[in-house]
Amino acid sequence: RPEQPDAVMVRLDPGLAFGTGTHATTAMCLEWLDSLDLAGKTLLDYGCGSGVLAIAALKLGCKHAHAMDIDPQAVLATRLNAAENGVQGHLDVSGAADDIEGDFDVVVANILAGPLAELAAGIAGHVRPGGRLGLSGILSEQTEEVREAYAPWVDFDEPEFRPQDGQTWTRLTGSKRHS
């Protein structure tokens, strides 16, 4: 139990999926989501794992979220965790990128640098103009590769770095350009 009386609690059983909130990349994404005004916003969690980011966003005031992962175990874990946290009515969960429709106020993708770079056009395409993008799962030496992949669409803030277990991880955040 958190010591802060106003803390947002997420009950989570990752099952066989990735994402408990303890890894540096997930923690940085959670901190970023907590820093945003999510009231009334929509969110896409691309590569959702256990669903922790989408569920936390909903509990932080997001009005609707879509969580997508190609791993069937992640889809199952996300649905179960959403029900455990009472947010299932505000969360769409899918197992294919083709199931994602429209654009979102906030898009977060905590996967690996290679897939982030390869999927840049598709992920950036779901961020509404002026919307926010958060990317993690990136080792510090991969930061520029991922940043360059999104450069046609996104103006980035300064990267956030966090060491864990002998590696340094990066979180990139930015805003999608209007043109």
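Accessible areas here come from the Shrake-Rupley method with a 1.4 Å probe; for residues, only the protein chains shown count as cover. On this basis the protein exposes about 8,600 Å², of which carbon and sulfur atoms supply 50%. This is a predicted model, in which local features need pLDDT of at least 70 and side-chain atom pairs count only at pLDDT 80 or more, while totals for chains, interfaces and linings use all residues. Residues are numbered from 1 along each chain as its sequence is written, and side-chain values use heavy atoms, with hydrogens and water left out.

The protein contains six helices and eight strands, taken as DSSP runs (helices H or I, at least four residues; strands E, at least two) numbered from the N terminus. Of its 179 residues, 48% count as buried, that is, under 20% relative accessible area with a 1.4 Å probe, protein chains only.

Helix 1 (residues 24–35) has its end C-alpha atoms 16 Å apart, which agrees with the 16 Å that its 12 residues should span at 1.5 Å a residue, the expected span being 1.5 Å times one less than the number of residues. Its buried residues include Ala24, Met28 and Trp32.

The largest nonpolar core has 24 residues; such a core is a set of buried Ala, Val, Leu, Ile, Met, Phe, Trp, Tyr and Cys residues joined through side-chain atoms within 4.5 Å. Strand 5 gives the largest share of this core, four residues. Leaving aside neighbours within four places in sequence, Leu133 is in contact (heavy atoms within 4.5 Å) with residues including Trp32, Ile123 and Tyr150.

Technical notes
Buried < 20%, exposed > 50% of the residue type's maximum accessible area, 1.4 Å probe, protein only.
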